[in-house]
Amino acid sequence: MSDSLDALERRIADLRAEVRRAVKARENSLARSLRGDLRRAEQAWDAAIASDIPAAPAPPHEPETSLLPIREQVHQALTMLGVPTPAKLIVAVNDAFFSRELRGSQLTSLRRDEERSFRGDPYARPYYLCAALTDRLSPARGLLADSTWPPELRVLGPLSPRVDFLTSAVRVAEQLTRLAEPPPGAVRLLSRMAQNIPGAVEGFAPADPATAIRAARAELEVHLAADSAQRAEVAARATRQLPDVERLFGATAMNTLRGAC
């Protein structure tokens with residue numbers, strides 16, 4: 001290839017010199033003909049140099065970047081799970097079922113942004129990503145909820161973390177049963193969750209959704225009535241004691257202390 005390029009470069013240099021001489025001698029017809037030869041030689045040089053360039057390596061595979069805003073990705077995961085959920089599980093569900101890249105660090109300031117938006121223009125949005133409230137009516141650390149859920153679902157009693165985990169496992173398993181070809185990541189997610197539910201999985205084998213649902217519901221029957229009563233009491237206090245913004249995002253430290261007195 002280098003010999004061919006060298007010959008073309010010499011040909012182009014010669015043609016440029018001949019074009020200059022023809023123009024200087026006012027031989028217009030010859031100059032036009034030589035310019036045509038020069039263009040064809042330059043095109044041949046371009047083609048030769050392009051064929052000599054090695055193909056660029058394929059870019060490494062990158063996770064899909066969703067066009068959905070982060071808050072809508074989080075809302076989609078919360079809608080699927082239906083209970084106050086820690087950021088780690090939201091990220092796992094988003095990746096397993098929707099194949100989208102979401103990092104826990106992106107959720108760190110999301111609740112604060114939602115609270116600022118609500119304070120600036122209350123109820124302007126159809127939903128807010130809000131806090132779950134503890135039995136002291138303070139925001140539960142690291143848990144996100146949907147503002148459109150009833151108050152009894154957005155508050156926590158002593159049994160609520162376990163009840164919500166079991167409910168999440170049921171929702172994940174139910175979603176798997178709806179899919180003709182469940183994503184491998186979603187199967188792995190359910191299998192990890194099933195390890196923490198007695199009777200939901202055999203050893204470290206992949207979890208069967210139907211078995212996981214039966215096991216989770218069996219344990220839910222043990223806790224659900226007591227948890228519902230505890231949550232109803234916390235929700236009633238929150239409704240009675242807190243203004244709108246604190247019902248969604250939790251009481252300030254001063255209000256929490258005042259409510260406990």
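The model is a predicted one, so local features need pLDDT of at least 70 and side-chain atom pairs count only at pLDDT 80 or more, while totals for chains, interfaces and linings use all residues. Residues are numbered from 1 along each chain as its sequence is written, and side-chain values use heavy atoms, with hydrogens and water left out. Helices (H or I, at least four residues) and strands (E, at least two) are DSSP runs, numbered from the N terminus.

**The sheet**

- Three strands make up an open sheet, in the order β1-β3-β2, with antiparallel pairing; two strands pair if DSSP finds at least two bridges between them.
- β1 (85-86) and β2 (129-133) are the edge strands, each with a single partner strand, so one side of each has no neighbour in the sheet.
- β1 and β3 (residues 139-146) run antiparallel and are joined by two bridges.
- Thr 85 has Leu 144 of β3 as its bridge partner, and Pro 86 stands opposite Leu 143 in β3.
- Helix α6 (residues 110-120) lies across β2 and β3, at about 105° to β2. Axes here are lines fitted to C-alpha atoms, for helices over the stretch in contact, and angles run from 0 to 180 degrees between N-to-C directions.

**Two loop residues to look up**

- Leu 137 sits in the loop between β2 and β3. The hairpin of these strands has five residues between them, and Leu 137 takes a positive phi near 70° there.
- Tyr 123 belongs to the loop between α6 and β2. Its phi is near 60°, a positive value in a residue other than glycine.

**The largest pocket**

- A pocket is worked out on a 1 Å grid over the protein atoms alone: it is an open set of points where a 1.4 Å probe fits, with protein on both sides within 12 Å along at least five of seven lines, and lining residues have an atom within 4 Å of a point.
- The largest pocket holds about 300 Å³ of space; grid points are joined across faces, edges and corners, and a volume is the space filled by probe spheres set on the points.
- It has 13 lining residues, and Leu 107, Thr 108, Arg 111, Gly 142 and Leu 143 are the closest to its centre.
- α5 (104-107), α6 and β3 each give two or more residues to this lining, and β3 supplies the largest share, six residues.
- By class, seven lining residues are nonpolar, three polar and three charged. Ala, Val, Leu, Ile, Met, Phe, Trp, Tyr, Cys and Pro count as nonpolar, Asp, Glu, Lys and Arg as charged, and the others, Gly among them, as polar.

**The second largest pocket**

- About 230 Å³ of space lies in the second largest pocket.
- Of its 16 lining residues, Thr 85, Pro 86, Leu 89, Phe 165 and Met 193 lie nearest the centre.
- The elements giving two or more residues to this lining are β1, α4 (87-98), α8 (160-177) and α9 (184-194), with α8 providing the largest share, five residues.
- This lining has 11 nonpolar, three polar and two charged residues.

**Helices side by side**

- α4 and α9 pack at about 145°, and their axes are 7 Å apart.
- Leu 89, Ala 92, Val 93, Ala 96 and Phe 97 of α4 meet Gly 185, Ala 186, Leu 189, Arg 192 and Met 193 of α9; contact means heavy atoms within 4.5 Å.
- That contact has eight nonpolar residues, one polar and one charged.
- α8 packs with helix α10 (residues 209-241) at an angle of about 145°, the axes being 8 Å apart.
- Residues in the α8 and α10 contact include Val 163, Leu 166 and Val 170 of α8, along with Ile 213, Leu 220 and Leu 224 of α10.
- The α8 and α10 contact counts 10 nonpolar, four polar and seven charged residues.
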